[in-house]
Amino acid sequence: MEARDSVGTIAVIGLGTMGTGIAEVVARHGFAVRAIDIDDATVSDARQRIEASTDRAVARDKLTVSERSEILDRILFTTNLQECLTSDIVIEAVPENLELKRQVLGQLDGLLPDRVIWCTNTSSLSVTEISTAVSQPSRVVGLHFFNPAPVQDFVEIVRTVVTDDEVVEQIRVFAEQIGKQAVICEDKAGFIANSLLFGYLNHAASMFEQKYASREDIDAAMRLGCGLPMGPLALLDLIGLDTSYQILDTMYRQGRDRLHAPSPILKHMVTAGLKGRKSGRGFYTYAEPGSPEIVADDHVAKRDASDVSVRGVNAVGVVGSGTMATGIIEVFAKVHHRNHGFG
Ligand code: CAA
């Protein structure tokens with residue numbers, strides 16, 4: 001893909017899970033990126049993750065070797081905040097802490113061209129409160145990505161009462177250019193998706209804590225029973241338990257909705273360093289930090305059926321004739337057909 005020189009550069013500040021994914025997707029769509037974090041190890045980790053992700057894309061014939069190197073060439077990984085001074089768009093993706101976000105934006109205020117658009121990837125904090133850290137709050141907008149950012153083709157654009165319409169429109173066009181479908185929402189805690197999602201995720205964590213069912217069974221219920229791509233505990237691990245706790249805590253403080261009062265287990269796990277996939281352990285244990293591969297651990301649901309004798313089933317009676325009964329009859333008829341053929 002051609003580099004989009006005319007648009008200038010996009011700075012992504014904060015290279016955690018989300019910032020790294022955002023830097024990758026923006027570079028993949030032809031923009032020059034300044035990928036910035038204050039911590040050397042975090043910057044080098046982000047580089048490695050983007051290299052590995054684009055490597056995988058080459059192996060799966062999704063990118064050519066030269067496209068991959070063009071993408072990597074477009075990203076300047078740095079710890080120097082000054083590198084973002086010529087950017088047209090700044091995307092702040094530092095941890096979910098209001099003071100930290102305000103501090104990052106405030107530090108850059110007045111140093112960037114007037115045309116700059118400030119985006120915050122906050123998941124739940126008030127964009128309005130973040131926006132007052134700069135002298136032009138009308139040029140601040142929420143641009144909320146979903147994890148994994150390179151995969152989820154959706155963003156929420158959050159406007160405050162003072163955001164310029166022109167800024168919202170420019171960011172809508174930018175979202176389209178990086179392959180994301182955008183919705184525009186008001187500055188309300190959790191915006192649309194998190195507001196709906198996190199009550200459910202929190203409930204799943206509480207069910208696990210109360211030993212309602214095993215982690216595998218809770219996840220299977222939603223994955224297989226409800227057709228979601230992953231179960232809630234695996235999703236909490238993907239999002240990060242620290243991030244999830246912060247989102248719930250912020251939403252609870254703002255709305256006082258009991259559904260969002262963080263389940264105590266989340267706090268305990270985060271305090272113990274179990275942050276989910278990124279730390280190698282959360283509700284599940286992973287092959288290594290950042291790996292999606294779940295490995296066996298002490299909590300695997302024990303199902304030793306060796307002592308139980310199971311009688312063969314020859315016939316099943318289904319009582320009822322509604323949607324469910326008809327579906328159940330169909331399931332058994334298919335098994336019978338597979339085992340015995342017609343008749
Ligand atoms: N980073 C980059 N790419 C990734 C990735 C990651 N972490 N995980 C998977 N992918 C890519 C794979 O490389 C693969 O790409 P190709 O098709 O180009 O080869 C593709 O995604 C599919 O991956 P897999 O085949 O390995 O696995 P899958 O089909 O099970 O999909 C998933 C994995 C995309 C994570 C899917 O399970 C899913 O969509 N889960 C739900 C995620 C979700 O709900 N996200 C929103 C969370 S809420 C949020 O983010 C908001 C917030 O504020 C916290």
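**View 1. Thr 9 of β1 and its place opposite Ser 87.** In this predicted model, Thr 9 faces Ser 87 of strand β4. Their strands, β1 (residues 9–13) and β4 (residues 87–92), run parallel and are joined by five bridges. Strands here are DSSP runs (E, at least two residues), and helices likewise (H or I, at least four), numbered from the N terminus; two strands pair if DSSP finds at least two bridges between them.

**View 2. The shell around the ligand.** Here 18 residues surround the ligand, a residue counting as near if one of its heavy atoms lies within 4 Å. Helices α7 (193–209) and α9 (232–239) each contribute at least two residues to this shell. Domain 1 (9–186) and domain 2 (193–293) both give residues to the shell, so the ligand lies between them; the domain bounds come from an automatic or database assignment.

View 3. A polar side-chain atom of Lys 62 sits 2.9 Å from a ligand oxygen, and one of Asn 194 sits 3.0 Å from an oxygen atom of the ligand. For Asn 147, a polar backbone atom is 2.7 Å from a ligand nitrogen.

**Notes.** Residues are numbered from 1 along each chain as its sequence is written, and side-chain values use heavy atoms, without hydrogens or water. Local features need pLDDT of at least 70 and side-chain atom pairs 80 or more, while totals for chains, interfaces and linings use all residues.

Methods. Polar contact = N/O pair within 3.5 Å; in protein donor to acceptor, adjacent residues only side chain to side chain.
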